[in-house]
Amino acid sequence: MARGRPREFDVDEAVDTALAVFWDKGYEGATLADLTDAIGIRRGSLYAAFGSKEALFDQVLLRYGETIARYIARAVLLPTAHDVVAAVWRGAVEATTDENTPHGCLIVHGALSCSADNDAVRARLAEIRRSDRQRLRERFRRAVDSGDLSAGADPEALATYVATVQHGIAVQARSGASRSELHSMVDLALAGLRRPEQPERPEQPERPERS
């Protein structure tokens, strides 16, 4: 049986190129012409390699999670809840303000404004965000169990708060906020966050002075 012609492009490089296009333009804003022109292939080759625009976007999301957004997976491995929060927010600043990539976050901005025809794409991004919150929630629950957070801490509320600030960083970066400005904002947020719901040390009774 005769073999088909080999692909004349590197699939991994194509995914990286498509990532930049989707990140910059969003899912609906990135047309097939944008993608094929950037990658340097014909539409038929794109379909042959990936099957569809949506399937290519799925590959892009996997690559984004393994590279740009890997700071979340790294953060939950840190020893304290405060370390986790700081790493998520600092990581978000670095990821959304790199001079060599579009500003903002693909997971936040990729499909916020999609038509009903692309509800599946919007739902996919929402599920990724929910999954990230779940990882944070489980990490904070372990912090409660270990005593790093107080027994009265609410892992769900804390995870939602951390994710909300993280997404706000992405919005500000997309709107033009600089890296230094966002790090200053994180400084303030961390200063107002007393090592999240960490148990307070009981006050020690005053010792009577010796006469």
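Guide: Welcome! A crossing is called left-handed if the near helix is turned anticlockwise from the far one by less than a right angle, and right-handed if clockwise. Keep that in mind as we look at this predicted model.

Visitor: Is the crossing of α3 and α4 left-handed or right-handed?
Guide: Let's apply that rule to α3, residues 43–50, and α4, residues 53–66. The crossing of these two helices is left-handed.

Visitor: Are α3 and α4 oblique or roughly parallel to each other?
Guide: Their axes lie 9 Å apart, and the packing angle is about 60°. Angles under 35 degrees count as roughly parallel, and 65 to 115 as roughly perpendicular. The two helices, α3 and α4, are therefore oblique.

Visitor: Which residues of α4 does α3 meet?
Guide: On the α3 side, the contact involves Leu-46, Tyr-47 and Phe-50. By class, the contact residues are 5 nonpolar, 1 polar and 1 charged. The partners in α4 are Lys-53, Ala-55, Leu-56 and Gln-59.

Visitor: Moving on to the largest pocket, which residues are the closest to its centre?
Guide: This pocket holds about 270 Å³ of space. It is lined by 20 residues, and the closest to the centre are Gly-65, Ala-69, Ile-128, Asp-132 and Arg-135.

Visitor: Which helix gives the largest share of the lining of the largest pocket?
Guide: The lining comprises 11 nonpolar, 4 polar and 5 charged residues. Helices α4, α5 (71–75), α7 (106–109), α8 (119–146) and α9 (155–174) each supply at least two residues. The largest share, 6 residues, comes from α8.

Definitions and conventions: Residues numbered from 1 in each chain as written. Predicted model: local features only at pLDDT ≥ 70, side-chain atom pairs only at ≥ 80, totals over all residues. Heavy atoms only, no water. Axes fitted to C-alpha atoms, helices over the stretch in contact; angles between N-to-C directions. Helix = DSSP H or I, 4+ residues; strand = E, 2+ residues; numbered from the N terminus. Parallel < 35°, antiparallel > 145°, perpendicular 65-115°, else oblique. Contact = heavy atoms within 4.5 Å. Nonpolar A, V, L, I, M, F, W, Y, C, P; charged D, E, K, R; others polar. 1 Å grid on protein atoms, 1.4 Å probe; cavity = no way out; pocket = protein on both sides within 12 Å on 5 of 7 lines; lining within 4 Å. Points joined across faces, edges and corners; volume = space filled by probe spheres on them.
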